[in-house]
Amino acid sequence: MLHWIQYIRGYVTIKVWGYSVERLLNLCGNHDILVWGIEDHGDYHTMHISIEGFFSLKPLLKKTGTRVAVLHRYGLPFFMSRMLARKIFVGGLVCCILFWCLASRFIWDIRIEGNSYLTEDVLLDYLEGRGVHTAMKKSELQIEPLEQALREDYDLITWTSAQLKGTTLLIRIKENDMPVYETGEQKESGRGMDITASLDGVVTYIITRKGVPLVAQGQSVQAGDVLVSGAIPVYNEDNTVRKYQFVEADADIILRYEKNITLEEAVAYEEKLYTGESIGMPVLGMGEKTLSFRFLGIPYDYYDISEEKKQLRLLDHLYLPFYYGKRTVQEYEIAIKKHTDEEMRELFQERWHKIIVTLDEKGVQIAKKNVTIKKNDEKWVLNARLQLEEAAVKRRPSRTVQTPQEDESGQTEE
Amino acid sequence: MRRETKHPFLRSRELIVESLKLPKDTMLGAAIVTVTGNREAFVENYKGILEYTTESIVLQGKNARICFEGKGLSIDYYTNEDMKISGRIDALRYL
C-alpha cells in the first residue's frame with residue numbers, strides 16, 4: 001500500500017555530500033520533509049525524498065553547506081512526463097484501447113451447433129435475413145425472439161439456445177430426428193395428405209394403413225399420380241358424396257421401373273509421367289486477385305500447377321480476404337498407353353460397384369438386371385438394363401375439394 | 001539505563017509526574033527506544049541526528065544523547081517524532 005502511494009506521488013533518489021549531512025537531516029525533520037532509505041556510503045549519503053520535499057530542499061542545502069544530485073526518479077509523475085514526450089506511442093495506446101472497447105460491442109463470430117439436416121449456410125442465410133450477421137451491434141441482438149423465430153420457422157428444429165459469449169454468438173439447436181411431413185398449417189386447414197408417385201412405374205406392392213387406395217397391385221402409374229388419397233368420402237344413401245373426411249394418408253408402396261445405364265471407357269489413355277522437375281513459388285492473394293512471385297516464364301511443355309493457400313483469420317470463423325501459400329509447378333511427359341483386358345474389367349467393376357452401392361444407399365432394390373459389354377479396339381461400352389424397385393412416393397396436401405353445401409363445419413376451400 | 005541528572009527542578013518534576021501517573025515521555029520529553037533483537041531499533045521522541053555513519057548513529061534526546069554502535073547501520077526512515085534504524089547493533093549507549 002505504502003509503495004503504491006509512493007509510486008503515485010513520485011519520489012527521487014538523491015546523493016548528498018558536503019559539510020554536515022546530519023544537520024540537513026535534522027532540518028528536513030523539522031521542516032516536515034519526508035526522507036527515507038538513508039544510506040551512508042562514506043563520502044556521501046543516498047536517500048529517497050518526495051518530489052515536494054526535493055523542491056523545498058534548496059534553502060536547507062544553502063544553510064548546511066551540502067550539495068545534492070539526483071540519482072534516480074521513480075513514480076507516476078515522471079512516467080507521465082516521459083509518456084507525454086512519446087505522443088504517437090501514447091496516441092496509439094489510447095487508440096488501441098478505444099478500438100478494443102468499440103470492437104467488443106459487436107458480434108464477430110456466429111457459430112451454429114447441433115445442425116445436421118439444416119446446413120450452416122442455410123441457417124446463416126436465414127439469420128442474415130433476420131438482420132443477424134457478423135459485425136452487428138450486440139445491443140441490436142434480441143436473443144429470445146431469435147430463438148422463438150428459429151423454432152417457428154423451421155419445423156425440423158425442436159429446441160434452440162442462443163448465447164452470447166464475448167463477441168461470439170453461439171446458437172445451439174436440436175433437430176427432430178423423425179422427418180416431418182405435416183406442417184401445423186396444413187393440419188389447421190383441415191386438408192389431408194395424399195401419397196403420389198414420384199416416378200413412372202408399376203405398383204408391385206401396396207398396403208394402405210390410412211386413406212383410400214386409388215391404384216391396385218400391377219397397375220402402371222405416372223409421376224404425380226395420386227396413389228393413396230387422404231380424402232375419405234362419406235356417402236349419402238343415394239351414393240353421392242356427402243362430405244370428405246381428411247386424413248394423412250399412410251401406406252407402404254413399392255414401384256417398379258426400368259432404368260438404363262451406359263458406361264464407356266476408352267482403351268487408350270494418357271499417362272502423366274512426372275519428370276521430377278518442379279518449381280515452387282510463394283503466392284500472396286487479396287480477394288479474387290492472386291500474386292505469385294515468379295518473373296521468369298515456366299520452361300516446361302506440360303505441367304501441373306498445384307496451389308496451397310491459407311486464409312488469414314481472426315478468431316475461428318472471421319476470415320480476412322488475405323491469402324498466402326505456395327504454388328508448385330510440376331513437369332510431366334505424356335505417354336499414351338493401353339489398358340489390358342484385365343485392367344478394363346477392373347475399371348468397369350469398380351464403376352459398377354459404385355452405382356450399386358449408391359442405389360443401395362437410397363433403398364433401391366434391383367429386381368432384374370441385364371448387362372452387356374461391347375468391346376472393340378478403341379473402347380468398351382457397358383449397357384445395363386435394370387429393373388428397380390423403390391418406395392418412390394411423395395406426400396402432398398390433398399387437392400380434393402370439400403363439398404361446400406354439405407359441409408358441416410362450413411369450411412370452404414379453393 | 002537512563003542517566004540521572006542532579007537538577008533539583010527536574011527531580012521535583014519527575015516526582016510530580018510519577019505521583020500523578022502521567023506519561024513520562026510526553027511530560028519529561030524522555031526518548032523511547034525499542035530494540036528488536038540486534039537488527040532493528042525504533043526511537044521516538046528524539047530531537048535530532050548528531051552523527052550518521054554505518055558504524056555509529058548518535059541521536060540527541062532532550063536530556064541525553066543516544067548512541068547506537070554496530071555495523072552497516074542505516075536509517076530506514078525518520079520523521080519529526082520517530083525513526084527506524086536497521087543494521088547490526090552491537091551497543092546502545094547514553095552519553
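Residues are numbered from 1 along each chain as its sequence is written, and chains are lettered from A, with ligands numbered from 1, in the order in which they are written. Because the model is predicted, local features need pLDDT of at least 70 and side-chain atom pairs count only at pLDDT 80 or more, whereas totals for chains, interfaces and linings use all residues; side-chain values use heavy atoms, with hydrogens and water left out.

**View 1. An open sheet of 5 strands in chain A, with antiparallel pairing.** The strands follow the order β13-β11-β17-β23-β22, where strands are DSSP runs of E of at least two residues and helices are runs of H or I of at least four, numbered from the N terminus, and where two strands count as paired if DSSP finds at least two bridges between them. At the edges stand β13 (220-221) and β22 (365-375) of chain A, each with a single partner strand, so one side of each has no neighbour in the sheet. β22(A) pairs with β23 (residues 379-390) of chain A in the antiparallel sense over 10 bridges, and within this pairing A:Gln365 stands opposite A:Glu389 in β23(A). Helix α10 (residues 341-361) of chain A lies across β17 (250-266), β22 and β23 of chain A and runs at about 160 degrees to β17(A); the angle, on a scale from 0 to 180 degrees, is taken between the N-to-C directions of lines fitted to C-alpha atoms, for helices over the stretch in contact, contact meaning heavy atoms within 4.5 Å.

**View 2. An open sheet of 4 strands in chain A.** The order here is β12-β14-β10-β24, and the pairing is antiparallel. β12 (212-213) and β24 (393-397) of chain A are the edge strands, each pairing on one side only. Strand β10 (residues 193-197) and strand β14 (residues 226-229) of chain A pair in the antiparallel sense over 2 bridges, with A:Ile195 opposite A:Val228 in β14(A).

**View 3. The buried and exposed residues of helix α7 (residues 120-129) of chain A.** A:Leu123, A:Tyr126 and A:Leu127 are the buried residues of this helix, where buried means under 20% relative accessible area, exposed over 50%, and partly exposed in between, with a 1.4 Å probe and protein chains only. Seen down the axis of α7(A), these buried residues fall within an arc of 100 degrees, so they line one face of the helix; the arc is that of the directions from the helix axis to the C-beta atoms. The face turned away from the buried side carries the exposed residues A:Asp121, A:Asp125 and A:Gly129. The cover over the buried residues of α7(A) includes β6 (109-113), α8 (143-153), β8 (157-165) and β9 (168-175) of chain A. Just after α7(A), A:Gly131 takes a positive phi of about 85 degrees.

**View 4. Positive phi at A:Asp32 and at A:Asn239.** Most residues other than glycine have a negative phi. A:Asp32, although not a glycine, has a positive phi of about 60 degrees; A:Asp32 lies in the loop between α2 (21-30) and β2 (35-40) of chain A and is exposed, with a relative accessible area of 65%. A:Asn239, also not a glycine, has a positive phi of about 65 degrees; its place is in the loop between β15 (231-235) and β16 (241-246) of chain A, and at 62% relative accessibility A:Asn239 counts as exposed.
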